[in-house]
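Good morning, colleagues. May I ask you to turn to the structure on the screen.

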Amino acid sequence: MQSGPSLLDLLASDAGAALRAIFQERSLPAGTVFDDAEFRDHVFVIKSGRLRIYLATTERELSLAYLGAGDMFSTHTRAHLQAVQPATLLMAPRALLEHELAHYPALRAAIIRVLARVLSQAMTLLEDLAFHNVRGRIARYLLRSAGRHKAPLENGSLIRIDLHMEEIAALLGTTRQTASTELNAMLHAGVLLRHDRRRLVIQDLARLQAWASEGDGVG
């Protein structure tokens, strides 16, 4: 659970007015891949919208995380940034922001909270890719999605799917066809039931958890 003001709360407050002055606002239409030399080595805070952070070659892409309002990232990494919804970013040079850390304890705390969550997402992705086959990755993703509601999981629990199949596949390091095939197999096996376009119902929690714990022998 979040403790203390978010980055956006801090920047909107009277106490953060001087800090807000070092940020520039940047708008990105949906689908835009961020590639602006003017903002290299900047830290950004997402004011609104949603971004995908991903790695790419000429043949495939691997999503690292999806970030929303209040989240932050840096443009100096090798990762690509794409607006999956219309987004507004607050951009600040990394060097200037580092200088301000000494003057804003709340800024340090907010940055640590956000980076800890992004790091947790990255570690989960590495664990999925290294130790689980595609069905196991999908099962783990579904259980994580169901767990966001904070209610105990049981047969009959709803899973809300906020991403499209292409996005899920990129997040789990596979193709859309493979991810769709595996999900359909789970449905046909009676482990899941499609409630509507965006929600699934867990029919056999024990089997879903068993799939999530299976490895694929990758060392």
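This is a predicted model: local features need pLDDT of at least 70, side-chain atom pairs count only at pLDDT 80 or more; totals for chains, interfaces and linings use all residues.

Residues are numbered from 1 along each chain as its sequence is written, and side-chain values use heavy atoms, with hydrogens and water left out.

I begin with the core. A nonpolar core here is a set of buried Ala, Val, Leu, Ile, Met, Phe, Trp, Tyr and Cys residues joined through side-chain atoms within 4.5 Å; buried means under 20% relative accessible area (1.4 Å probe, protein chains only). The largest such core has 28 residues, and Y141, L142, I159, M186, L192, L200 and L208 touch the most other members. Two or more residues each come from α5 (134-147), α6 (165-171), α7 (176-188), β11 (199-202) and α8 (205-213). Helices (H or I, at least four residues) and strands (E, at least two) are DSSP runs, numbered from the N terminus. The largest share, 7 residues, belongs to α5. Beyond its neighbours within four places in sequence, L200 has contacts (heavy atoms within 4.5 Å) that include L142, I159, L183 and L192.

Next, the sheet. It is open, with 4 strands in the order β2-β7-β4-β5 and antiparallel pairing, where pairing requires at least two DSSP bridges between two strands. At the edges lie β2 (33-34) and β5 (61-67), each pairing on one side only. Strand β2 joins β7 (residues 80-83) over 2 bridges, and V33 stands opposite Q82 in β7.

Finally, which helix holds M123? M123 is found in α4 (residues 105-131).

Conventions
Buried means under 20% relative accessible area, exposed over 50%, partly exposed in between (1.4 Å probe, protein chains only).
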